[in-house]
Amino acid sequence: MIRLQQVVLARGIKPLFDSVDVTLNPGDKIGLIGSNGAGKSSLFAMLRGELHPDQGSIDFPAKWQLAHVAQETPPLERSAIDYAIDGDVALRKLEAQLAELEAQPESYENGIAIGNMYGALADADAYTVRPRAEQLLLGLGFKINELEQPVASFSGGWRMRLNLAQALMCKSDLLLLDEPTNHLDLDAIIWLEDWLKRYEGTLIIISHDRDFLDGVVNVIVHIDERKLKRYGGNYSGFERQRAAQLELAQGMLEKQNRKRAHLQSFIDRFKAKASKAKQAQSRIKALARMEEMAPLRAAAEFSFEFREPLSAPNPMLVMEDVDCGYRIESETDHSFTEKKIVGDVKFTLQIGQRIGLLGVNGAGKSTLIKTIVGDIAPLNGVMQTGKGLSIGYFAQHQVEMLRHDESPLWHLAHIAPDVREQELRNFLGGFNFPGTMVTSPIKPFSGGEKARLALAMIVWQRPNLLLLDEPTNHLDLETREALTDALAQFEGTLVVVSHDRHLLRATTDQFIIVADGKLQPFDGDLDDYKDWLFKNKLEKANPALPEKTKAQEAALPQAKPVPAAKVDDKEQRKRDADERTRLANLRKPIETRIKRLEEQMAKLNIKKKDIDAQLEDGEIYNDANKEKLKALLLDQAYVVKELGQIEADWLEQQEFLEAVE
C-alpha cells in the first residue's frame, strides 16, 4: 500500500501540503483532483522520488515497479514499436544479458546459461512482446505502417502517445498518469479507458475529464485546503459526497453561530448585573472555549453565459460537392498541388442544430471547421453562407494568437473600441479576471486562463454560430463545467469537436463522423459510438492472449548451437513437467483475475439487492424522501453499469483461460 504520514511540503513560500495523512490500497484506481496549483504534480514528483517532503514520510513497497509518462521525447532514429517496447525494462535487461552471454566463447556452461536465459525470456513474455506493443500503438491511434517509422518523424503530440505506450508496456505495480487524455482523440481515449479498467496494479490519474475518471477510477483523492481527503467511488460519487459534506458543514456552522449569538446576547445583557455576574462569567468562558468552526468551502464557482445571439439566417450555410484540404506551394517552381482531406461534402447547416463531429485525429474535423470559418478556401465545390451569419470560432491556435505582452482588458478593447472601460472590466470580471489581473500582461497566465480569455472574446461578439475545436484543452474541471452549462443554454447553432464526452452529451443532439475522407451521419449516441468503435475499428488493438508460434519464436534472438545430449525418457518427462509449469504460469494470473471479478460481482449483487429492496418500499416515494430516492436511483444506475462491465470482463477472462487450456 501507499502511505503518506504527516507530510508537509512547500514550494518556495507557497505551502502545498500540511500534515497530510492518507492510505491507498494495492489495486486501487485513484483519481487525483484539485484546483490548478494545488500540488497534484508535486505529489507525483514525491512518489517518483524526484521531490522530498519537508516533513513526514511517503512509503510504498520497495519492490514495486513504478511507471510514468516521460514529458520529453528525444528525436531518436529508433522505430516507434521498439521505443514502446523499451518500456518493458525487465525484458530489455534480459535481452542485454543474453547478448553478453552470446558474445562469450562457446562452452558447455555458457550454453546452459544461454538456455536458462531463454527460459527467463519466455517467462517475461518475450514471445508476445511485439504483438502486445502493436496492440498498444494501434489502440492509441497509430497506423500499422507507422510502427517501424523513427520516433523523430512524429510530431510532438504523437511522441507523447509514444511515451504513454512506453509507460503502459512496463509491467508496473504503480502507474502514474498525468493528464493522459490531453493528446488523444476520442477514439484513443475510449481504448485507453478500456485498457486501464483491466490494469491490475495501483493506478493514480490526474485528469480533468470527468467521464474518463468515472469510467476508470474507484477512489477519488481530493486536494483541498492543503489536505488530502479520500473518497470511495468515481468522480460522480465524489461530487455527491462532497455536496452532502458542504451542506452538513453549512448546517453545523449556522447552528454554532446561533449558539454563539445566544451566549453573546446573554453576556451583553447580564454581565453588569451582580445577581447574574457568575452566570455571565461562565458564558464568557464557554464562548472562549468554543472552537471557531471554519466553513467547509466549495471551490470558487465560475459560471458565464452566452449573450442572446444576433438574428440568424436559415439555412446558415450550404456546402455542395465541396472538397476540403490544402494547397501546397512547391519550393522549386512555386506551383501548387492540392491535398484533399475531406471530399464531396454535401452539408446544410440549419438554425438551432447542435452537432458533434467524431473521428480520429487527422481525419479532417479541424480542416472542415477551418473551411466553414473561411481560414482555408474549398479546393472544389460551392459553399454559400446566409446573410447575417456571425461565427464564433474557438481553436487552440486562437489561444496561441493572443498578444502575450497585452492584458485581458486590451484584448477586449481591441474588438470593442467604443465601449466604456468600466463595462469591459465588469464583463471580464465575470470570467474570473478580477482586480489587477484584468490589466496585467497575459504572458504568465496558465493555458486555462488564456483559453478563458479567448472564450470571453467570443461571448462578447454575440455569435449565432459557434464552431469549437477542442475547447476544453487546458481547462480545469470547474471551467469545463461552466463551459458545458453555458453551451447547453446557448440559443444559437453549435458545431463542436471535443474528446470530452461529458461536454458532448450535454451540448449536442446529433453526431457526424469524419472518416475515410467522407462526412457520414451517425445514428446513435456516444455509447453506441463506443460499441461501433470496438466492433469495427479497435478490435485489432484489444489485448488478447497470443499463442506462441514458430514465427514468434524465430523473431527472438537465436542462441548459438550447443551440443545436445540424447533425449531419454527422463529428459522427456522433465520437458513435459516444464510445459505444465509454463501453462500453469499462464493460467495463474487469469484465474486470479477471474476470482477477483467474481468477488466484485458478488459484492455488487448484494448492493443491488439492497438498493432494490429500498426502492420497493412505498415510503421512499414520499416528498420527504425525495433526495434519498434520487441518491438511490443514481446508485442503482451506477451499480447496474459497473456490474455489466465486470460481467463482460469476466466472460473475456474465461475466453482467455480456455485459449490457454
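How many bridges join strand 10 to strand 13, and in which sense do the two strands run?

## Overview of the chain

The structure described here is a predicted model. Its protein chain contains 21 helices and 18 strands. The chain has 661 residues, of which 43% count as buried.

Three strands form an open sheet in the order 11-10-13, and their pairing is antiparallel. Strand 11 (336-349) and strand 13 (380-385) lie at the edges; each has a single partner strand, so one side of each is left without a neighbour in the sheet. On average, neighbouring strands of this sheet are turned by 35 degrees against each other, direction ignored.

Strand 10 (residues 317-329) is joined to strand 13 by five bridges, and the two run antiparallel. Within this pairing, leucine 317 stands opposite threonine 385 of strand 13. Helix 11 (residues 365-373) packs on the sheet and touches strand 10, strand 11 and strand 13. The direction of helix 11 makes about 110 degrees with that of strand 10.

Strand 7 (residues 202-206) is mostly covered, with five of its five residues buried. The covering applies to both faces: Thr202, Ile204 and Ile206 are buried on one side, and Leu203 and Ile205 are buried on the other.

Strand 7 pairs with strand 3 and with strand 6. Strand 3 (residues 29-33) runs parallel to strand 7 and is joined to it by four bridges; here lysine 29 has leucine 203 as its bridge partner. Strand 6 (residues 174-178) also pairs with strand 7 in the parallel sense, over five bridges. In that pairing, the bridge partner of leucine 174 is threonine 202.

## Packing of helices 3 and 4

The axes of helix 3 (residues 89-102) and helix 4 (residues 108-123) are 10 Å apart, and the helices pack at an angle of about 165 degrees. Because angles over 145 degrees count as roughly antiparallel, helix 3 is described as roughly antiparallel to helix 4. The crossing of these two helices is left-handed.

From helix 3, the residues that meet helix 4 are Leu91, Leu94, Glu95, Gln97, Leu98, Leu101 and Glu102. Their counterparts in helix 4 are Asn110, Ala113, Ile114, Met117, Tyr118, Ala120 and Leu121. Grouped by class, this contact has ten nonpolar, two polar and two charged residues.

## Packing of helices 5 and 6

Helix 5 (residues 129-139) and helix 6 (residues 156-169) have axes that come within 10 Å and cross at roughly 135 degrees. The two helices are therefore oblique to each other, and their crossing is right-handed.

Helix 5 contributes Val129, Arg132, Ala133, Leu136 and Leu137 to the contact, while helix 6 contributes Leu162, Ala165, Leu168 and Met169. Eight of the contact residues are nonpolar, none is polar and one is charged.

## A buried aspartate

Is aspartate 500 buried or exposed? Its relative accessible area is 3%, and therefore aspartate 500 is buried, since the term applies under 20%. Aspartate 500 is placed in the loop between strand 16 (493-497) and helix 17 (501-507). Residues up to four places away in sequence aside, aspartate 500 touches Asp209, Thr472 and Arg480.

Notes
Residues are numbered from 1 along each chain as its sequence is written. This is a predicted model: local features need pLDDT of at least 70, side-chain atom pairs count only at pLDDT 80 or more; totals for chains, interfaces and linings use all residues. Side-chain values use heavy atoms; hydrogens and water are left out. Axes are lines fitted to C-alpha atoms, for helices over the stretch in contact, and angles run from 0 to 180 degrees between N-to-C directions. Angles under 35 degrees count as roughly parallel, over 145 as roughly antiparallel, 65 to 115 as roughly perpendicular and the rest as oblique. A crossing is left-handed if the near helix is turned anticlockwise from the far one by less than a right angle, and right-handed if clockwise. Contact means heavy atoms within 4.5 Å. Ala, Val, Leu, Ile, Met, Phe, Trp, Tyr, Cys and Pro count as nonpolar, Asp, Glu, Lys and Arg as charged, and the others, Gly among them, as polar. Buried means under 20% relative accessible area, exposed over 50%, partly exposed in between (1.4 Å probe, protein chains only). Two strands pair if DSSP finds at least two bridges between them.
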